[in-house]
Amino acid sequence: MTSVEFFIQQAINAISIGSLYALMAIGLAMVFGILRLINFAHGDLIMVGSYATLMLLGAGLPFWLAAFGGVVTSTIAGLIMERIAYRPIRGAPDVAMLLTSFAVTILLENAAILIFNPTAKPFPAPAILRDALQFGNLRVASLDIVAIVVAFALLVSLTLFVTRTEVGISMRAASEDLLAARLVGINVNAVIAYAFAIGSMLAGVVGILWSIRVGRIDPFMGFYPVLKAFVASVIGGLGSLPGAVLGGYVLGILEIMLQGLLPASLSPFRDGFVFAALIILLLFRPNGILGSTEREKI
Amino acid sequence: MQRQRLYNLLTVALLLTVTLGGLVYTQLAASAYIQRIVVGLGISIILVVSLNLSNGFTGVFSLGHVGFMAIGAYSAAILTLPLALKRVNLPDLPGWLANVELSFLPATLIGAVLAMTVALLIGLSLMRLSGPYVAVATLGFLVIVQVVLVNWASMTRGSRTFSGVPSFTTLWWVWGWVILTVYAIWRLVNSSYGRRMMAIRDNEIAAQSLGISVVRSRIIAFCVSAFFTAVAGSLWAHFILSFSPKAFYFVETFSIITMLVLGGSGSVSGSIVGAVFITVLSEVLRNAERGISIASFHIPPMYGASQILIAIVFIVVIIFWPKGLLGDREIHFNRLWSLLLPPKKRKGGL
Amino acid sequence: MLRFENVHVYYGQVHALKGITGEVHEGELVAILGANGAGKSTTLMSVSGILKTRTGKIIYEDKDLTQASPYNIVQLGVIQCPEGRHIFGGLTVLENLLMGSVRRRDRSEVKKDIDWVCSLFPVLGERAGQTGATLSGGEQQMLAIGRSLMSRPRLLMLDEPSLGLAPVIVQTIFDVIRKLHEQGVTILLVEQNARKALQVADRCYLMETGSVVLSGTVEELRGNPEIERFYLGG
């Protein structure tokens, strides 16, 4: 394999992973933008969707239908989460909301342990998705292609949504200035519900793709993805949708690069390096790459 | 002012007497089970009060403090591990470390100073961040610590259990440190330093305009808090005697934060109240997890249910008492003292 | 059209409005004057439903607004242009204006109204594709007012439209306010700049620490020593 082919291979890998991070990060960014809430429990929506899909598969549904059902379940779970845990504390200080999301995470994870088992369950994906395609010397996992295509489609739809539809523009308005949004007559409750619904739907999709990639699911599967989604969001600038997308791909590229560049003895430390890189980034750009560099004005 | 100082002295005397009395009773008359709980409670109090110094009083919302606990625990345990065990369990330790065996206090202090140094280093980069960025960055620190612990197997045995830690922690060690920690942090919070910290927490820009160095105050609080957190880590390591990196991660973090939030961030006595409440509640629930029989009605064992209930308690508290049970007020015994020792009437008013 | 009946509003523990009573008749321009902290903005925020009235009633055309939610109040045609502009910085001028029309039922008229607003404030038309954050202070204020107008307000409430702006821009804005008044829009104007307010108003209320201390028509108030003090002091 030539170095060009190697590079392309790695690039596809990076973009595929980056797509998953980007989709996750968008969900976080939408909610953060409007509510200033860092929703840790976003990761558990991945878990909820995956377990729902598994159960539907067990009930005999074809994969595509089960996956669809899983995404719907994530979406509903997200909406319920918003209504029960987050709406009552709206207006509370940021840390209170962050901590509440921790509590919701613990609740969901332990509930999953009780209902299913703490041990991982295999996730049966249809053969096409587990295969790889050969292009000469290149071996491209079909899952990577699916992930990239799905992400692209979703990103395009989302962009159209937030720039062309009234609800989408209202969402952007609400994340700019919540008070002004209310004064203009935007139904903030509805807009927030939309943000959660879209974010949760994206989490559901990421969940399916992630589960196929890893091959099994367990109650704690959402923890690392949401952490990565955070990092992606922070890299790009919390609350910014384009920032979330940028951050997701930067993170994907960074991870693959580190994997390739780190000597074998240091490669288990890769995640540590990723976080160290994050902290260094924050030293120079305390608000992320696309975040404002201005200090807060009075 | 004279009166207040008298009251303060009385308060301290009362608290010390009650604490000592309680400890003596526990040592002599309580069961081993209760003794263990009281030790655990003391460690929790140190953790929560230290965390409060950073989160509650300076507004630096650290999610990574358990990382300092891990540094304290592992450093002290490596230093106190008997030489023979070191050869067996940690064969790859560097030479100078493999031949060292320290006693409890020096090992604990070294661990704490190490944690404090790390806090200083990361503090310098984190202190300019605000709100959610600090939280995510400190969470990053927690992950980095975890990754290092799991992978630096020559020092830590990696993800395998680190066992054979000498059982140095006693009721007296723990509560001695509790008293020291509470005293130190109380003094810090009520000093001019403390007032500066609270000014920063409440309004950073206004504080800066008054010439208060935001970064310096935050770093001091962060480092002091890391010091005591590491001490608690060491105490814990020599209590539980065997542990692995998993003990210093997310679940532990949430547990401490729940105690903090329940008691009220910004209140030292609140932290103590929160620690007591959650410790008791956890024990009760953990026993219930094994299944309860009420007459002929049997609730089956539900492991993990206690976590769910604590999470629910947390959510309920945040919704209804967002400032915690005590908010940022402290428990004062002034009214009690003025009842017992009524002030003399002064002629002509104050 | 709008009536306050002994309205009390609290900001947490602080008693911000202490029994406000007053009214605005259809077609009037009523000014609320007073120093900082007098409770002027609080009054508008309680009409808009952002702040809750603890006791008392705010009646708009026979409807009690005190329990209504902000977006329903906007639907009734009660529109506030808040203090400090509060435009959507990341949205374009056009998107800002569109946001003003979210509650309207007659979507077909929206395009016409955008043209009308741009005829009142030509600079907005010039900058239609720019984001709000790139506008100057005066332009942002014009955008804020324009956005309020997009809701076809029956009662328009303006909070300190002249704050921090150069005299020339202030004049432009007040010319538009006068034009709207002539077209029959009912206006409730909060201002610290008493001189400009009295030039356009029909009646005034003077507020001090949460209560109305003086009220009357502009003729009645001219020459009133309180107002004189307020001119020089406020």
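Predicted model: local features only at pLDDT ≥ 70, side-chain atom pairs only at ≥ 80, totals over all residues.
**A tour of three chains**

Residues are numbered from 1 along each chain as its sequence is written, and chains are lettered from A and ligands numbered from 1 in the order in which they are written.

Now show chains B and C together: no contact joins them, and their closest C-alpha atoms lie 14 Å apart.

Turn next to chains A and C, where 15 residues of chain A are in contact with 22 residues of chain C. Select α7 (166-176) and α8 (178-184) of chain A, each of which supplies at least two residues of the side that touches chain C; helices (H or I, at least four residues) and strands (E, at least two) are DSSP runs, numbered from the N terminus. With 6 residues, α7(A) gives the most to that side of chain A.

Staying in chain A, select residues 132-135, strand β2, and residues 138-141, strand β3, which run antiparallel and are joined by 4 bridges; two strands pair if DSSP finds at least two bridges between them. Within this pairing, A:Q134 has A:R139 in β3(A) as its bridge partner. The hairpin of β2(A) and β3(A) has 2 residues between the strands, and A:G136 takes a positive phi near 65° there.

Move on to chain C, which has 10 helices and 10 strands, and whose C-alpha atoms fill a box of roughly 45 × 40 × 35 Å, taken along the principal axes.

Within chain C, look for the open sheet of 4 strands in the order β2-β1-β4-β5, with antiparallel pairing. At its edges stand β2 (14-24) and β5 (63-64) of chain C, each with a single partner strand, so one side of each is left without a neighbour in the sheet. Strand β4 (residues 53-60) of chain C pairs with β5(C) in the antiparallel sense over 2 bridges, and the bridge partner of C:Y60 in β5(C) is C:K63.

Finally, select residues 40-47 of chain C, helix α1, which packs on the sheet and touches β1 (2-11), β2 and β4 of chain C. The direction of this helix makes about 70° with that of β2(C), where axes are lines fitted to C-alpha atoms, for helices over the stretch in contact, and angles run from 0 to 180 degrees between N-to-C directions.

Note on methods. Contact = placed C-beta atoms within 7 Å.
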